[in-house]
There are 2 protein chains.
Amino acid sequence: MRIGIIGGTGEIGEGMAMRLSRIMDVCVGSRDVAKAQETCDVCLFSAKENKFECSVKGGSNQNVVDESDLIILAVPFKHVRSTVEGLTGWEDKIVISPVNPMERKESFVYTPPAEGSAALYLKSILPASTRICTAFNNIAGNKWRDIHSDLTYSVPVCGDDAQAKQIVMDLVDRISLLKAYDAGPLSGSHIVESITPLLLNVARYNRMKDVGIRFV
Amino acid sequence: MRIGIIGGTGEIGEGMAMRLSRIMDVCVGSRDVAKAQETCDVCLFSAKENKFECSVKGGSNQNVVDESDLIILAVPFKHVRSTVEGLTGWEDKIVISPVNPMERKESFVYTPPAEGSAALYLKSILPASTRICTAFNNIAGNKWRDIHSDLTYSVPVCGDDAQAKQIVMDLVDRISLLKAYDAGPLSGSHIVESITPLLLNVARYNRMKDVGIRFV
């Protein structure tokens with residue numbers, strides 16, 4: 001299983017790369033290959049300092065699609081369309097969407113596209129054979145990057161392809177103390193995505209930082 | 001502070017009555033006053049068995065509105081309109097909406113009205129001076145009724161009236177181990193409401209029971 005991260009040089013993407021490259025082979029993609037290589041250097045340096053193995057390489061976003069079986073699309077919603085449509089070879093790939101369309105107004109507001117969610121929008125622009133799952137939506141970038149802290153969150157996973165969903169859930173369960181939960185079909189992704197602006201509001205109005213959720 | 005529960009004879013309403021009547025004066029309302037009295041008898045019997053004080057009385061739903069400062073509207077969404085429009089005297093009251101519009105299809109689906117949420121629908125049919133807060137949306141009826149178990153959940157509270165929201169949050173924090181969180185304006189209620197069908201899906205697809213949430 002080869003894992004790729006598109007947008008692997010953003011805050012969340014880099015944190016994911018740091019954690020994932022210690023447990024599997026990871027390809028970090030960026031529009032700017034030099035920046036992807038910088039993220040790899042950060043991963044390698046951090047792993048060496050902490051005496052972990054680390055398997056990571058950098059490339060273009062197209063390299064990520066070409067070389068990965070499972071692709072995490074770690075880009076802001078506003079860049080999803082241009083990123084996806086600028087790349088080829090999505091057929092049969094598993095794509096994880098941690099994307100949350102939202103805006104900061106008086107409070108943080110969930111702003112899904114007409115399709116109902118980022119996940120369903122992705123479905124509308126990717127080939128029918130692409131197996132899309134929603135996962136990792138509710139974990140703050142700071143937490144991904146703080147590799148000395150355990151991630152103790154619940155991760156709801158939505159998707160319509162049972163095999164792909166199981167692969168994604170198995171991946172989730174290998175990362176720190178994350179626990180994956182089957183959250184039903186892809187059409188329910190809007191709920192998972194909208195939890196992120198809720199968590200940002202909870203953090204803001206209760207003077208907290210990097211709030212996540214756990215199912216109990 | 002006098003607390004009233006409309007729909008106090010339903011599963012969630014009865015569980016709320018059992019727990020709340022041990023810490024404050026509670027008026028339990030029902031369309032059928034005899035049923036409201038039955039719920040009171042259950043509360044009194046359970047409290048006596050477990051050696052708790054208990055202050056509860058039954059009445060009509062109109063009695064609840066007339067005699068309470070804070071009213072919990074524990075009715076299914078499909079009965080909200082007829083219940084609210086059949087009663088008078090809502091002016092200046094604090095109303096808590098634990099209402100979650102949803103349907104069970106292939107999976108549980110959030111089905112808000114055109115206003116965007118049950119809370120905003122309530123706002124559209126109640127007098128402008130009624131102070132509506134969203135709270136208690138994500139706690140299973142079984143858990144309310146199982147008075148021997150602690151409620152260890154996080155309770156997001158949405159509302160536009162700061163004073164009313166503080167009163168509701170203080171109420172939440174007095175119940176078992178519940179912890180209230182200010183979740184922003186009433187317009188964000190759709191997220192809180194939609195978490196309930198998500199939790200029902202998580203329970204269903206992962207063979208769990210009565211799943212709730214905690215912010216961590």
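Which residue of β10(A) stands opposite A:S154? In this predicted model, the residue opposite A:S154 is A:K179. The two strands concerned, β9 (residues 154–159) of chain A and β10(A), run parallel and are joined by four bridges.

**The sheet of chain A**

Strands β9 and β10 belong to an open sheet of eight strands in chain A, ordered β3-β2-β1-β4-β5-β8-β9-β10, with mixed pairing. From one strand to the next, the twist averages 25 degrees. Strands of a sheet pair through backbone hydrogen bonds, in either a parallel or an antiparallel manner.

Helix α2 (residues 33–49) of chain A lies across β2 (26–30) and β3 of chain A, and the helix runs at about 170 degrees to β3(A).

**The contact between chains A and B**

Contact between the chains involves 28 residues of chain B and 28 residues of chain A. On the side of chain B that touches chain A, the elements giving two or more residues are β10 (179–182), α8 (189–205) and β11 (213–215) of chain B. Of these, α8(B) gives the most, with nine residues. The residues on this side of chain B divide by class as follows.

| Class | Residues on the side of chain B that touches chain A |
|---|---|
| Nonpolar | 17 residues |
| Polar | eight residues |

Methods
Residues numbered from 1 in each chain as written. Chains lettered and ligands numbered in written order. Predicted model: local features only at pLDDT ≥ 70, side-chain atom pairs only at ≥ 80, totals over all residues. Pairing = 2+ DSSP bridges. Axes fitted to C-alpha atoms, helices over the stretch in contact; angles between N-to-C directions. Contact = placed C-beta atoms within 7 Å. Nonpolar A, V, L, I, M, F, W, Y, C, P; charged D, E, K, R; others polar.
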